[in-house]
Amino acid sequence: MSPAPPDPRPPVVTPTRVVAALCLLAPFVALLWVDSYARTTPAFIGIPFFYWYQMAWVPVAAALTFTAYVLVRREERARKGGEDA
């Protein structure tokens, strides 16, 4: 059996993809670590901290997801040589 030729493609794990993964991981860590926000104070316009903290993460998570999407798309476009896909 002959050895496989070396793969000319760049590695799949790149710094851009690591940043994108961190953008996607941040909301999970922040919301799964319940002890950090399982309290009622400080209240914001009468809403306990427990609730407004979670609701504040909705637009933040959307922005981070969009950022990860843009980073990965930009890298894929550069990898394909600038072609629109």
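Reader: Is Arg79 buried, exposed or partly exposed?
Author: Arg79 counts as partly exposed, because its relative accessibility is 36%. Buried means under 20% relative accessible area, exposed means over 50%, and partly exposed lies in between (1.4 Å probe, protein chains only).

Reader: What kind of model is this, and how are residues numbered?
Author: This is a predicted model, in which local features need pLDDT of at least 70, side-chain atom pairs count only at pLDDT 80 or more, and totals for chains, interfaces and linings use all residues. Residues are numbered from 1 along each chain as its sequence is written, and side-chain values use heavy atoms, with hydrogens and water left out.

Reader: Which residue forms a salt bridge with Arg79?
Author: Glu75 does, and the closest N and O atoms are 3.2 Å apart. A salt bridge here is a side-chain nitrogen of Lys or Arg within 4 Å of a carboxyl oxygen of Asp or Glu. Glu75 and Arg79 both lie in helix H2, four residues apart, which is about one turn of the helix.

Reader: How are helices defined?
Author: Helices (H or I, at least four residues) and strands (E, at least two) are DSSP runs, numbered from the N terminus. The protein chain has two helices and zero strands. Helix H1 covers residues 15-32, and helix H2 covers residues 49-79.

Reader: How many salt bridges are there in the whole structure?
Author: A search of the whole structure finds two. In one of them the side chains of Glu75 and Arg17 meet, at 3.5 Å from N to O. That pair links distant parts of the chain, with Glu75 in helix H2 and Arg17 in helix H1, 58 residues apart.

Reader: What else does Glu75 contact?
Author: Leaving aside neighbours within four places in sequence, Glu75 is in contact with Thr14, Thr16 and Arg17. Contact means heavy atoms within 4.5 Å.

Reader: Changing topic: which residues make up the largest nonpolar core?
Author: The five residues are Ala30, Tyr37, Phe49, Tyr53 and Trp57. H2 gives the most to this core, with three residues. A nonpolar core is a set of buried Ala, Val, Leu, Ile, Met, Phe, Trp, Tyr and Cys residues joined through side-chain atoms within 4.5 Å.

Reader: And what does Ala30 touch?
Author: Not counting residues up to four places away in sequence, Ala30 touches Ser36, Tyr37, Tyr53 and Trp57.

Reader: How much of the chain is buried?
Author: Of the 85 residues of the protein chain, 15% count as buried.

Reader: How many aromatic pairs are there?
Author: A search of the whole structure finds seven. The rings of Phe49 and Trp52 have centres 5.0 Å apart and planes at 90°, so this pair is edge-to-face. Rings of Phe, Tyr and Trp (its six-membered ring) pair if their centres lie within 6.5 Å; planes under 30 degrees apart count as stacked, over 60 as edge-to-face and the rest as tilted.

Reader: Where do Phe49 and Trp52 lie?
Author: Phe49 and Trp52 are three residues apart in helix H2, about one helical turn. Phe49 is buried at 8% relative accessibility, whereas Trp52 is partly exposed at 26%. Phe50 and Tyr51 also form an edge-to-face pair, with 5.3 Å centre to centre and 85° between the planes.

Reader: Which residues form the aromatic cluster?
Author: Tyr37, Phe44, Phe49, Phe50, Tyr51, Trp52, Tyr53 and Trp57 form one cluster.

Reader: Finally, which residues make the nonpolar surface patch?
Author: Val12, Val13, Val18, Leu22, Leu25, Phe28, Val29 and Leu32 make a patch of about 820 Å². Patches consist of residues with over 30% relative accessible area and no salt bridge, where like charges are joined within 9 Å and nonpolar side chains (Val, Leu, Ile, Met, Phe, Trp, Tyr) within 5 Å. Accessible areas come from the Shrake-Rupley method with a 1.4 Å probe, and for residues only the protein chains shown count as cover.

Reader: Are Leu32 and Leu25 exposed or partly exposed?
Author: Leu32 is exposed, with a relative accessible area of 69%, and Leu25 is partly exposed at 44%.
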